Amino acid sequence: MTTGLNEATELQARIAQARKGTRPNGLVRWWRSQSPTRQDRFALIAPLAAVAVFLMAIVASFGYLRLEEMSREQEAVQRDVEYAQQRLRLRLLERQEQLQRLAADISNKQVDIEDFGEQAFALVDQYPELRAISWIDARKRVRASHVSPSLPRSFVRKDGEGLRFAETDAMFDVVRDVRQTMYSQPIAVPVGLGSATIALLQIQVPLSDAARFAGVLLAEYQIEGLLRYGIPAEVEAKYAVALLNDKGQILAGNTSRARSSAVNFLPWIANDNEYEVPISPVGNGMILRAQAYRTSLGVIGSTLFWLVLFLSCMTAWLLVSSWRHTRRRIQTQAAMLQETNFRRAMENSMLTGMRALDMQGRISYVNPAFCQMTGWSEAELLGLTAPFPYWPEDDRELLASRLEEELSGRSSPGGFQVRVKRKDGAIFDARMYVSPLVDGKGVQSGWMTSMTDITEPNRVRKQLSESYERFTTVLEGLDASVSVAPLGGDELLFANKMYRHWFGSVSSEHLRLVEEAGRVDQTSAPSGFKDSTLGDSVDALAGLPAEAIASAELATAKSENAEIFIAQLNKWLEVRSRYLNWTDGRLAQMVIATDITPRRMAEDLAALQAEKAQSASRLITMGEMASSVAHELNQPLTAISNYCTGLIGRIQAKQISEEDMLLALEKTARQAQRAGQIIQRIRSFVKRSAPNRTATEVSHLVSEALELAEIELRRRQVRLSFDLAPRLPSLHVDPILIEQVLVNLLKNAAESIDTAGRPSHKRSVKLQVYLAEKEGVGEVVEFTVTDTGKGLAPEVMQRLFEAFFSTKAEGMGIGLNLCRSIVESHQGRMQAENLYNGDEVMGCQFSFWLPRQPVLFDGGRTGSFAALQG
């Protein structure tokens, strides 16, 4: 680098002196003597022009031959397509004549329905492209029809059936008006439930009865069959043949494979030869198109082409070699000027100031960047010795010692920072690096110093330091614990004031928070739903380098947000974690722990109050059903009393055998068991217990609720019917709470019917349970209770689920509000609507649904309030 700078300095000095006229400009004279003359430029251009003319002649010759070949190929395609069109036309006309003869026989009463079936069968069997023949009367009804067995059963037309397609119906009207044979436009008929279709071509031949129109003879061609049996085999072997409709859509056949878009830009590559012609007598509605396969070798495949190409390349190589020789000679002449311009441009584009000192400390060279930094010109600085004008007065002693170290070779290789004064008196910070300046003979001739303005980096560094201080102040003032530790290590990279207050300055507590959060995350899912796909399916470590993650952290990688209880602090903490790249590039984990003890206490108290409200609601429900329960219990107790009285009387009269006595005792025992079951079911329903969500069969929920609700429904003389869909999945719910919802809805339905005073044949309640799909939720189990009462008024519908709102004089207004709270606590929804018959309200329908798979809930919440109190 030093040698290059010396050479650049010498060259610049020589050019500057030549410009000033202080010495002869030998460099300029040498360049002018070596500049290319007009003859040199002609010698440079002539070989290139000869190569260009020669290549143009070769390309023009082969282009002409290729165009001739393409013209012959296009004429062959046109000739073969017109031949195939004539063959297909004659085949259609032959079938048309046969159909017209059959139509004439039908019109002359020479063919009845049985004879028509035989002749239609013969035509369809003899000509494969003819798929169906139908006899249509003047009322557009099928009298007889024969369809090819190869068509789907959906194509079979039954006797008396009408026309299926709008196109067929429209053409029928036209044929009836003009009394002439007509062809339809191609019709795409769907096949099965998919998107597959069959393209058909219909022909209608008019029938007459004396002078009256008597219908048509409808024949249907399968267009695929027309292509297969109407096109000559030699044409199909040479071309990609297809039948198109008037919109250019392919009805049958195939097309040649499209070339790459890049190949189409090559001038010697011809487009596919193709030709289109309409099919007569069908008209422009069906077009025959043929695309020729590429069989010719073209220009590239010709041996003559390769021979001429080889000779052309040899000739071009000789001409190019001559041109290269001439070009190298001219480039050599311009090398010196180009090098000079390059060095000058490099020198002027540098942002780093360069200063050269000789062995006596005199400035021998400065670049434009140095002059721009200091504000002093090159003429003002060259030849100066210390103290230099860009030294600040306050730093001259320090800079003088630095210069002495520099000249003695004791300067630091890492550079040093100094202050520099501009010509206008402004001061800026700079960093200088010193290296020896060696000439072309390897002898040191001075020192080269590079200077960089670091004022802006110093300002940015100061701002970053202040920003870091502000950020640290904010983190220290947070009421949450913040800690950062590297993965796979026991070092604590950062801990704020709250972390140090709670846990000290050890990293083990950071790892313990992560471990506890991971354990809660693994155990918080309900039984039977762990490792499911619920929630966000994106891995918490997505996008991080896998090789930097230790196996110890993989076990707890999923715990991004969890709530844990720390016994030593007697606090509940919400722990959130995320991964980040630390300042040194290491992968680290940041953990934020927030004290949520007051919130957890409030939530637990709210859950306790909700549990009490649910228990009270069940007691109120059973209190309202007390008379029905008493009536239900009275039946088995009356039966027991009757059985016992009868036994006593017959035993006293000694008119009972041992077998009759056992039979009576068995009936008495069954009635006692029935009474006990009723009492046990009521006791389980009203018993207050802790929330317990388990996997429960829907049929068990419904049966338990119906057993309780039927007591009230029988008392009010209301019929109950239910429809339970098969193969319903298990639900992860609290069965007592869901039974409470069902009992409440069924009881309300019975009361609504009783209040409406419906007659006996309209007193019914229906319960339906089935699977449904909800947008954003997926598969759910929906419960619907429908009654035949008087429905709900609009003002009642708006306040239906409000707490303490009731339409019953003795009601407390907490039943439906509590039911909706229970459903929503299971991530479900409840709604109500009136049922109408015209403008008349025919009843009301309450429905609610529960998700098939529950959303994960906090499994560690039970007992949290007690733990805090302890």
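Modeller: Happy to! Buried means under 20% relative accessible area, exposed over 50%, and partly exposed in between, with a 1.4 Å probe and protein chains only. This is a predicted model, where local features need pLDDT of at least 70, side-chain atom pairs count only at pLDDT 80 or more, and totals for chains, interfaces and linings use all residues. Residues are numbered from 1 along each chain as its sequence is written, and side-chain values use heavy atoms, with hydrogens and water left out.

Colleague: Great. So how does asparagine 348 count?

Modeller: Asparagine 348 counts as partly exposed because its relative accessibility is 44%.

Colleague: And where is asparagine 348 placed?

Modeller: Asparagine 348 is in helix 8, which covers residues 303–349; helices here are DSSP runs of H or I with at least four residues, strands are E runs of at least two, and both are numbered from the N terminus.

Colleague: How far apart are the C-alpha atoms of asparagine 348 and alanine 369?

Modeller: They are separated by 7.2 Å, with the two residues 21 apart along the chain.

Colleague: Switching topic: which residues line the largest cavity?

Modeller: Among them are Arg355, Tyr390, Trp391, Arg402, Glu406 and Phe416. A cavity is a set of points on a 1 Å grid over the protein atoms alone where a 1.4 Å probe fits but cannot get out, and lining residues have an atom within 4 Å of a point.

Colleague: Which elements supply at least two residues each?

Modeller: Helix 11 (396–407) and strand 13 (416–421) do.

Conventions
On a 1 Å grid over the protein atoms alone, a cavity is a set of points where a 1.4 Å probe fits but cannot get out, and a pocket is an open set with protein on both sides within 12 Å along at least five of seven lines; lining residues have an atom within 4 Å of a point.
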